[in-house]
Amino acid sequence: MILIPLKLKTMYTQLAKFITDRVAIADEQLQVILSHFKPLTLKKNEVINIMGQPARRMYFVNKGCLRVYFLKADGGEVTRRFAFENTFSTSLTSFISGEPLTEFTTAIETTELLYIPRDDFYRLLDVIPAWEKFYRYYLEFAYVNNTKRLQSFATQDAAERYKLLLKENPHYVLRLSNKLVANYLSISPEALSRLKSKI
């Protein structure tokens, strides 16, 4: 049983299910892991990472959506990824290396999170083998997704990228504004509207 306030139980149950769906873990060890996560609610457009500082938290999205993006030299924004419900999110390069952040993370709608501090995250890796196995799953998942995204930009035109998005992540198009979807695909909102009218 998760020993937390009743109003937060659903949040932790969601995280527990996400972990146990991916790795086998003793309940006692799972409770230890969950005890290191703390709740955080973000308002729409609230930023949770500060440029120039290292990423010190790993987030789990219970409800809502995070957008991870960086700025080009001309000030234009480039969306790297979105994290919807039942997704872990952090600026992984900074989280691993301890180097300063080079990207922003912001909530695109009211978002309910659970987060674990970096020091606690790594301490658990040393004492709970199932958590280390889960982390390996997370790293492999992130690597595959990032590689596929890079490959799509190198080998596909805008129409092909949009069709792939509809196939693999249709909720992006349903829940996000045209502006955000277009930015993620690296095309103009006008170009996205033209694609939508043809497909």
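Is Ser186 buried or exposed? Ser186 is exposed, at a relative accessible area of 52%, where exposed means over 50%, buried under 20% and partly exposed in between (1.4 Å probe, protein chains only). Ser186 sits in the loop between helix H8 (178-185) and helix H9 (189-198), and has a positive phi of about 60° although it is not a glycine.

The model is predicted: local features need pLDDT of at least 70, side-chain atom pairs count only at pLDDT 80 or more, and totals for chains, interfaces and linings use all residues. Residues are numbered from 1 along each chain as its sequence is written, and side-chain values use heavy atoms, with hydrogens and water left out.

The chain contains 9 helices and 7 strands, taken as DSSP runs numbered from the N terminus (helices: H or I, at least four residues; strands: E, at least two). For 199 residues, a compact globule would have a radius of gyration near 16 Å, and the 18 Å of the chain agrees with this; the radius is taken over C-alpha atoms, and the globule rule is 2.2 Å times the number of residues to the power 0.38. Along the principal axes, the C-alpha atoms fill a box of roughly 55 × 35 × 30 Å. Buried residues account for 42% of the 199 residues. The chain exposes about 11,300 Å², of which carbon and sulfur atoms supply 55% (Shrake-Rupley method, 1.4 Å probe; for residues, only the protein chains shown count as cover). Of the contacts (heavy atoms within 4.5 Å) between residues at least 6 apart in sequence, 70% join residues at least 24 apart.

An open sheet is formed by 4 strands in the order S1-S7-S2-S5, with antiparallel pairing; two strands pair if DSSP finds at least two bridges between them. S1 and strand S5 (87-89) stand at the edges with a single partner strand each, so one side of each is left without a neighbour in the sheet. The twist averages 35° from one strand to the next. Helix H1 packs on the sheet and touches S1, S2, S5 and S7, its direction making about 110° with that of S2; axes are lines fitted to C-alpha atoms, for helices over the stretch in contact, and angles run from 0 to 180 degrees between N-to-C directions.

Strand S7 (residues 111-117) is largely enclosed by the rest of the structure, because 6 of its 7 residues are buried. S7 pairs with strand S1 (residues 38-42) over 5 bridges and with strand S2 (residues 57-63) over 6 bridges. Leu113 in S7 stands opposite Leu40 and is also the bridge partner of Val61. Thr41 stands opposite Glu112 in S7.

The largest nonpolar core has 31 residues, among which Phe37, Phe88 and Trp131 touch the most other members. A nonpolar core is a set of buried Ala, Val, Leu, Ile, Met, Phe, Trp, Tyr and Cys residues joined through side-chain atoms within 4.5 Å. Elements giving two or more residues to this core include helix H1 (9-20), S2, S7 and helix H5 (129-155). Not counting residues up to four places away in sequence, Phe88 touches residues including Leu15, Phe37, Met58, Arg81 and Trp131. A second, separate core of 18 residues includes Leu180, Ala182, Ile187 and Leu192.

Asn86, in the loop between strand S4 (77-83) and S5, has a positive phi of about 60° although it is not a glycine. Asn86 counts as partly exposed, at 36% relative accessibility.
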